Amino acid sequence: MAAPCYLGWDFSTQQLKVIAVDEQLRVIYEDNVNFDKDLPEFKTEGGVCIHGDRLTVTSPVLMWVKALDMILEKMKSSGFNFSQVKALSGAGQQHGSVYWKKGSIQTLKNASSKLPLHQSLKGCFSVSNSPIWMDSSTATQCSTLEKAVGGAQHLASVTGSRAYERFTGNQIAKIYSQNPEVYMQTERISLVSSFAASLFLGAYAPIDYSDGSGMNLLNIWEKVWSVSCLDACAPGLEEKLGSPVPSHSVLGPISPYYSQRYEFSPDCKIVAFTGDNPGEM
């Protein structure tokens with residue numbers, strides 16, 4: 001019987017990294033996919049796309065999915081034994097957000113193991129280029145949020161931070177104000193971390209408390225979304241975010257897609273992913 005091991009993933013700005021450790025925390029495998037070098041078709045520089053206004057900075061969602069396909073295929077070619085993986089978790093660049101189009105949950109749940117995942121999910125995102133932590137285009141939304149909740153200090157006392165341009169609540173407010181039809185077509189909004197967990201879970205993964213605290217939306221004292229912050233950003237937002245969970249939460253077993261395509265054990269557990277900054281603490 002193969003010795004148990006555990007996978008850790010890092011969906012960072014410039015690359016996707018994976019590491020496998022055994023039960024003594026010894027590294028038994030590691031690899032990476034560099035977005036610029038290994039996925040040149042997405043035309044990123046440093047893993048991102050800087051728009052003409054020099055304030056808007058995004059990354060292609062499908063680039064992240066294709067990078068996952070690529071690294072899993074590299075592991076398979078190397079002879080990595082996926083069946084020995086007991087659990088996996090990971091981190092994602094903080095403040096990035098992913099917008100799932102209505103109906104995408106069924107595609108995610110029923111993805112064909114005969115296809116790379118990025119091919120199945122190519123029509124699943126209402127916003128194809130995700131706002132990331134380098135974006136600074138939401139000054140107007142930040143001002144609006146602070147005024148709506150009683151000022152920067154009150155916002156900080158509730159959410160832990162004054163309004164920041166890169167924070168997800170303000171990015172959502174921008175999308176809603178500029179493209180309300182796109183917002184209405186969106187059934188779930190993930191952070192990069194919960195998006196990554198969703199890919200493995202085959203279902204929408206919840207946002208964890210740590211990463212959720214960097215959104216200008218979470219009441220950090222009560223660990224629930226602040227209604228006043230949600231209302232200031234966009235209507236019906238709580239339903240699109242789902243309920244946040246503790247960072248150590250076991251979300252469920254791995255999607256059958258991975259058992260069928262890579263021979264992961266159906267019992268492999270998915271633990272909530274978090275942001276890269278809290279993940280380093």
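**Reading burial, strands, pockets and cores**

Trainee: Which residues of helix H5 (residues 139–149) are buried?

Mentor: The buried residues of H5 are Gln141, Cys142, Leu145, Glu146 and Val149. Buried means under 20% relative accessible area, exposed over 50%, and partly exposed in between, with a 1.4 Å probe and protein chains only. Looking down the axis of H5, those buried residues fall within an arc of 135 degrees, so they line one face of the helix. The arc is taken from the directions that run from the helix axis to the C-beta atoms. Thr140 and Lys147, on the other side of H5, are exposed.

Trainee: What should I know about the model and its labels?

Mentor: This is a predicted model, in which local features need pLDDT of at least 70 and side-chain atom pairs count only at pLDDT 80 or more, while totals for chains, interfaces and linings use all residues. Residues are numbered from 1 along each chain as its sequence is written, and side-chain values use heavy atoms, leaving out hydrogens and water. Helices (H or I, at least four residues) and strands (E, at least two) are DSSP runs numbered from the N terminus.

Trainee: How many residues of strand E6 (residues 85–92) are buried, and why is the strand called largely enclosed?

Mentor: Seven of the eight residues of E6 are buried, so the rest of the structure largely encloses this strand.

Trainee: Which strand pairs with E6 over seven bridges?

Mentor: Two strands pair if DSSP finds at least two bridges between them. Strand E1 (residues 5–11) pairs with E6 in the parallel sense over seven bridges, and Tyr6 stands opposite Ala87 of E6. Strand E13 (residues 269–271) also pairs with E6 in the parallel sense, over two bridges; there Ile270 is the bridge partner of Leu88. Strand E14 (residues 274–275) runs parallel to E6 and is joined to it by two bridges, with Thr274 as the bridge partner of Ala91.

Trainee: How do I read a pocket?

Mentor: Rolling a probe the size of a water molecule over the atoms shows where empty space is left. On a 1 Å grid over the protein atoms alone, a pocket is an open set of points where a 1.4 Å probe fits, with protein on both sides within 12 Å along at least five of seven lines; lining residues have an atom within 4 Å of a point. Grid points are joined across faces, edges and corners, and a volume is the space filled by probe spheres set on the points.

Trainee: Which residues line the second largest pocket?

Mentor: They are Gly8, Trp9, Asp10, Ser89, Gly90, Ala91, Ser247, Thr274 and Gly279, around a volume of about 160 Å³. E1 and E6 each supply at least two residues of that lining. The largest pocket has a volume of about 190 Å³ and 13 lining residues, with Val127, Pro131, Lys174, Ile175 and Asn179 nearest its centre.

Trainee: And the nonpolar core?

Mentor: In soluble globular proteins, nonpolar side chains tend to be buried together. A nonpolar core is a set of buried Ala, Val, Leu, Ile, Met, Phe, Trp, Tyr and Cys residues joined through side-chain atoms within 4.5 Å. Here the largest has 52 residues, of which Leu7, Trp9, Leu88, Tyr258 and Phe264 touch the most other members. Helix H2 (residues 61–77) gives the largest share of this core, nine residues. Apart from it lies another core of 25 residues, among them Leu145, Leu191, Ile207 and Cys233.
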